[in-house]
Amino acid sequence: MKRILLASAMLGLAACSSMSGILGESPYTEEMVSANRYKVTYTAPEKATKAQIADRTLARAAQLTLDKGNEWFEIAGKVDIENGQTLVIVMGSGETLAGGSARTYDAKETLNRLKSRIS
């Protein structure tokens with residue numbers, strides 16, 4: 001019985017360490033700034049063009065918006081960093097802020113449009 005418990009504990013620890021390795025390698029980070037406002041950062045793991053970085057950051061913002069149960073997001077701020085980009089986005093459903101500006105994106109449409117470019 002002790003051997004079974006010890007083996008189970010070791011398997012659990014191995015699973016935890018491998019999961020943290022997988023999670024720690026993501027090039028994306030998200031941080032909730034306030035209700036429906038997030039900071040989304042993408043850092044390219046290797047040399048990438050500015051267009052590739054922008055597409056991947058925008059796609060992650062769209063996916064996060066959908067994951068949070070929203071339909072659209074607006075870019076409230078953008079910072080280009082070395083080999084990466086950070087977007088501050090405001091999410092919502094239904095009618096957009098200020099009736100929709102050039103910085104407002106439909107999350108589903110944006111993600112569908114970018115899927116082939118980020119694969």
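How exposed is Arg-103: buried or partly exposed? Arg-103 is partly exposed, at 46% relative accessibility, on a scale where buried means under 20% relative accessible area, exposed means over 50%, and partly exposed lies in between (1.4 Å probe, protein chains only). The tour returns to this residue below.

**Before selecting anything**

This is a predicted model, in which local features need pLDDT of at least 70 and side-chain atom pairs count only at pLDDT 80 or more, while totals for chains, interfaces and linings use all residues. Residues are numbered from 1 along each chain as its sequence is written, and side-chain values use heavy atoms, with hydrogens and water left out.

**Stop 1: the whole chain**

Show the protein as a cartoon. Its secondary structure comes to 3 helices and 5 strands, where helices (H or I, at least four residues) and strands (E, at least two) are DSSP runs numbered from the N terminus. Read from that end, the order is α-β-β-α-β-β-β-α. Of the 119 residues in the protein, 29% are buried. A contact is a pair of heavy atoms within 4.5 Å; among contacts with a separation of 6 or more, 57% come from residues 24 or more positions apart.

**Stop 2: confidence**

Colour by pLDDT, the predictor's confidence in each residue, from 0 to 100. The mean for the protein is 80, and 74% of the residues reach 70 or more. Helix 1 (residues 2-24) has the lowest confidence, with a mean of 39, whereas strand 2 has the highest, at 97.

**Stop 3**

Next come the salt bridges, each defined as a side-chain nitrogen of Lys or Arg within 4 Å of a carboxyl oxygen of Asp or Glu. Side chains of opposite charge can pair when their charged atoms come close. The whole structure holds 5 salt bridges.

Select Arg-60 and Glu-30, whose side chains form a salt bridge at 2.6 Å, N to O. The two are 30 residues apart and link distant parts of the chain, with Arg-60 in helix 2 (residues 50-67) and Glu-30 in strand 1 (residues 28-34). Arg-60 counts as buried because its relative accessibility is 17%; Glu-30, at 34%, counts as partly exposed.

**Stop 4: Glu-31 and Lys-39**

Move to Glu-31, which forms a salt bridge with Lys-39; their closest N and O atoms are 3.5 Å apart. Glu-31 has a relative accessible area of 43% and is therefore partly exposed. Lys-39 is partly exposed too, at 31%.

**Stop 5: Glu-74 and Arg-103**

Select Glu-74 together with Arg-103, the residue of the opening question. They form a salt bridge with 3.4 Å between the closest N and O atoms. Glu-74 is in strand 3 (residues 72-81) and Arg-103 is in the loop between strand 4 (84-92) and strand 5 (104-106), so the bridge ties together parts 29 residues apart in sequence. Glu-74 is buried, at 11% relative accessibility, whereas Arg-103, at 46%, is partly exposed.

**Stop 6: two asparagines**

Where is Asn-36 placed? Asn-36 sits in the loop between strand 1 and strand 2 (37-43). Its phi is near 60 degrees, a positive value in a residue other than glycine. Asn-36 is partly exposed, with a relative accessible area of 37%.

Go on to Asn-83, in the loop between strand 3 and strand 4. Phi of Asn-83 is also positive, near 60 degrees. Asn-83 is partly exposed, at 24% relative accessible area.

**Stop 7: Thr-65**

Select Thr-65 in helix 2. Thr-65 counts as buried because its relative accessibility is 0%. Leaving aside residues up to four places away in sequence, Thr-65 touches Asn-70, Glu-71, Trp-72, Phe-73, Ile-89, Met-91 and Ala-107.
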